[in-house]
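Please keep the sequence and the model in view while reading the points below.

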Amino acid sequence: MEQAQYNSLFSFIWNIATDVLVYAFDKSEYKKIILPMMVLRRIDVLLEPTKKQVISMKENLDKNHIDNQAPILYNVTGYPFYNTSKFTMKTLQSEIDAQRLKMNFIEYLNGYSKDVLDIVEKLHLRQVIDNLTETERLGSIIEKFTSDHINLSNKPVLDDEGNEKLPALDNHTMGTVFEELLRRFNEENNVTEAGEHFTPRDYVKLLADLAVQPIADQLQDTTYRIYDGACGTGGILTIAQERIKELGAERGKNITISIYGQEQAPDTYATCKADLMISGEIHSFQYNEGGQQREYIAYGSTLSQDGHAGETYDFCISNPPFGTPWKEDLKKRGLKDTEKAKFTDSRFTILDKDEKEISFLPDISDCQMMFLANNISRMQDDTPLGTRIVEVHNGSSLFTGDAGSGASNLRKYIIENDLLEAIIAMPEKDFYNTGIGTYVWIVTNRKEERRKGLVQLIDATKISTPLRKNLGEKNCETSEDNRKAIVKLLTDFKETEQSKIFPNKEFGYYKVTVERPLRIVYENPENITLPELKKAEDVVLLQRVLDAWKEYLGGHTVGDYAMFIMLDQMKIKVPAAKIKLVRQYLGRRDERADVCHMKPTKLDSPVECDPMLRDVEQVPLLYPGGIDAFMENEVKPYAADAYYNADSVVVGYELSFTKYFYKPVELRSIADITADINNIESSLKGVLGDILNV
């Protein structure tokens, strides 16, 4: 569809709201009416040519007492849906009585097959009909959507001479219309649906190319399975499906594609399902897995209600929500916000070599890394191509989470298992309702030989084409030439200004907790005032120690060892749990004092560390000589008594595009600045005199 035709269609639908719904509904209600009616009309218009045949066939099937009628009626319509009522949306508008029109409309809805009825329920169409009837707008809105001036069908409208009067509306363009309407309705009402970033079609095409182009020569005559766990209106699935078929056909391959997805937003799910129905690419919405019937496009949250549990795929391509909490998923499992650790799911945990469970669960404020972990769990290892994952994230996925956290553990697992092929930094303002930059992760368990042990970072932030007019936040697009340029950077696999290649370990680090000994000195007992403590026995103990110090050591300044030896000799028992109490209230830190020991009277016992002097260092995995060399070179010159416990070291992973692609702005020279100042002074000579008339 050409841009002018698209604009005309969009304007017509947008204006229905202002023409029909104004004064009868709040603006916040417009999208709840316009979007469902648009989806319904898109389904309805395809059934008009076969309406009589369906009704006739239905009568024959009923007469012959045939129960399983759906496959036969599907065959009549040519789609995996039908309507056995006597009405179409066009014939409905002939009724002028509001109540009879409502009754006819309900009968019309009830005549649909089960998958359309599912869409009807998800879009709350029955409530929409009630509301439109109550405000006497039902007839008007039906008239608008059945107008001869628009075509919501996937087939063109022809004139009497066979010339195209109105172009077909393919499902990709339908998705764009849906998403732009939703964006515009939200903008009109200052609504921001946090985390929901609908993927522009130009961006989707890039994702498809990144998934398929690098392995296009390996495609075979077979069936490939594509999965999107956050499928929205299904654009990623259908475009990837087309792209694989195109590339296969170019190479003489006869390829079949099966698509699988999941979506939790009811209106978006319904639109996705409707478009897949209409596309003709899917002939049934159900399939059997292990004797269990499942939906190709599952409804619900992928994170807590996995609609495709245990299944693996050839391609996993997704744009999951960014910065969206997953508290509701905890609730669905009967858990509180504080009970994240009890969220058990094999997709989000692994066992290490010691059979210790390692969690991939991120902070509950952002779920995007869970979608990546979900896709990792879908990887298959028994096919020539394995699995290719192409997933969109914001920048936080590169570095969020300390070593040992769920997010860092996931990065560690991906990189240490040599699954990360590349990450591509995309331009800012590439999405409709967010200006943030995005990053495309490419993950595979079938790396090319030349890529093994390596990760490619691509800076594509400047590879875009400006839009003549902004679409919300979106001010640029990834054109066909842009896509080719980005894919070329990936497939060339060469070091350039925009492409950097690193060994896997480049992104890893040791999280090292650097300790320093506790050094305590005891002095000036006369100046010590004991605090009021909750436990009276603690005050009694401190007073006994203070009195003994004054009596048997004369109140002299002593070290930690001398103090506790004295107490031991005087039979004043200080339990191990109270040693810190004595040090805290009777001593003071002094870097010149001797070190304290965990067992104060035994100099061969471990050194007691000082929490106030504790520091944490990130030591690169590739640091020459490792942690010990780092301590000698970077720490001990400034703190000679510093040490670390090897058992507490944790390995983490993070990536930084700024580190590798940042180009500092060259500062102007002093000479240039001075010359500019002199020029300004020269140009201002005489101006002050003119102003003051002197």
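Strand β14, which spans residues 454-459, pairs with β17 in the antiparallel sense, and five bridges join the two. Within this predicted model, the bridge partner of L454 is P503, a residue of β17.

**The sheet around β14 and β17**

- Both strands belong to an open sheet of nine strands with mixed pairing, in the order β7-β4-β3-β8-β11-β13-β12-β14-β17.
- The edges of this sheet are formed by β7 (297-299) and β17 (499-503), each of which pairs on one side only.
- On average, and with direction ignored, neighbouring strands of the sheet are turned by 15° against each other.
- In general, the strands of a sheet pair through backbone hydrogen bonds, in either a parallel or an antiparallel arrangement.

**The helix across the sheet**

- Helix α18, made up of residues 480-492, lies across β12 (420-425), β13 (438-444), β14 and β17, and runs at about 155° to β14.

**The nonpolar cores**

- The largest nonpolar core contains 153 residues, and those with the most contacts inside it are L21, M38, F105, I141, L210 and L457.
- Helix α2 (residues 30-47) supplies the largest share of this core, namely 12 residues.
- Another core, of 23 residues, lies apart from the largest one and includes Y522, I528, F564 and L586.
- When residues up to four places away in sequence are not counted, F105 touches M37, L40, L92, I129, L138 and I142.

Definitions and conventions: Residues numbered from 1 in each chain as written. Predicted model: local features only at pLDDT ≥ 70, side-chain atom pairs only at ≥ 80, totals over all residues. Heavy atoms only, no water. Pairing = 2+ DSSP bridges. Helix = DSSP H or I, 4+ residues; strand = E, 2+ residues; numbered from the N terminus. Axes fitted to C-alpha atoms, helices over the stretch in contact; angles between N-to-C directions. Contact = heavy atoms within 4.5 Å. Core = buried A, V, L, I, M, F, W, Y, C linked by side-chain atoms within 4.5 Å. Buried < 20%, exposed > 50% of the residue type's maximum accessible area, 1.4 Å probe, protein only.
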